[in-house]
Amino acid sequence: MMRTGPWTEGPDGRPCLGSLGVLVDDMLGYAVVRARPEDHWPTSLEIHVEFSGHMPIDGSPIYAESRAIDLSPSGGLAQGRLFDAAGRTIAIASQRLRYIPGTPSAVLSAASTAEGTAGEPARDAAPATAADFRPATTLEQLGGTLTRHDSGARLAIPVSPAVSNPNRTLHGGIMLCATEIAGHHAVQSAERPLRTGAVHISYLRPGPLEGEVVFEATTVHRGRSLAVAQVVSRNGQGKVCTFATVTSHAP
């Protein structure tokens, strides 16, 4: 379950569908975790999400349900649904995952050698304050810089361990979130606003946890009621991390 609020809003005050990215990634991934081989953990290969026209941002909860529909020694395929308190569907999604050697506990154990006991905060970590939980839009929570240009849009987000997954790489749900924001922004028009209908993202290499990741969205097509953007993310060395298609429709 995820509670909605200002943090699920876009810069225009409307629902930011990308804010559902972490919930989507987590609900699908954990449907496949149970079948993993010993000393392995699943990593995302691709995620496809279809959004309905309904997403609350009034503080009400969003619920998730998922199931594995195919499992093998090398990975699995999961399917899930997000819905509101009334049972109305907000999104349907699928994810393909592959098992890789290593487990989060092994990673945490290795980190604890230098930082102390696993699961404990670093000794010099600053305590959380009220400012850390101030209401902010999804883009503000990411700390991203979003700009529009002739061929689309560019979103740069600073990254750190705060947005990591259990394997200590940039969370796939964060990358899905940033992809939706960039793709949505690339095709917007004040005269004919569109909403995101679908995102299909492929994960080509792990995202870093330092520096920034840049999401470049290029408008492929912009019609009266349908638009398509291609979104590519790159790390600080310019290497591609994700490749995605974002489709938008008239409300």
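**The aromatic pairs**

A: The model has two aromatic pairs, where rings of Phe, Tyr and Trp (its six-membered ring) count as a pair if their centres lie within 6.5 Å. Planes under 30 degrees apart are called stacked, over 60 edge-to-face, and the rest tilted. This is a predicted model: local features need pLDDT of at least 70 and side-chain atom pairs count only at pLDDT 80 or more, while totals for chains, interfaces and linings use all residues. Residues are numbered from 1 along each chain as its sequence is written, and side-chain values use heavy atoms, with hydrogens and water left out.

Helices (H or I, at least four residues) and strands (E, at least two) are DSSP runs, numbered from the N terminus. Tyrosine 30 has a relative accessible area of 49% and is partly exposed. Tryptophan 41, at 12%, is buried. Buried means under 20% relative accessible area, exposed over 50%, and partly exposed in between (1.4 Å probe, protein chains only).

The other pair joins tyrosine 63 and phenylalanine 83, with centres 5.8 Å apart and planes at 25°, so the rings are stacked. Tyrosine 63 is in strand E3 (residues 61–72) and phenylalanine 83 in strand E4 (residues 75–84), so the pair ties together parts 20 residues apart in sequence. Tyrosine 63 is partly exposed, with 31% relative accessibility; phenylalanine 83 is buried, with 16%.

Eleven strands form an open, antiparallel sheet in the order E1-E3-E4-E5-E2-E8-E11-E10-E9-E7-E6. Two strands pair if DSSP finds at least two bridges between them. Strand E1 (2–3) and strand E6 (145–149) are the edge strands, each pairing on one side only. E6 is joined to strand E7 (residues 152–158) by five bridges, and the two run antiparallel. Threonine 145 stands opposite alanine 156 in E7.

Elsewhere, threonine 137 sits in the loop between helix H2 (104–115) and helix H3 (138–142). Threonine 137 is buried, at 16% relative accessibility. Leaving aside neighbours within four places in sequence, threonine 137 is in contact (heavy atoms within 4.5 Å) with Pro6, Trp7, Glu9 and Gly10.
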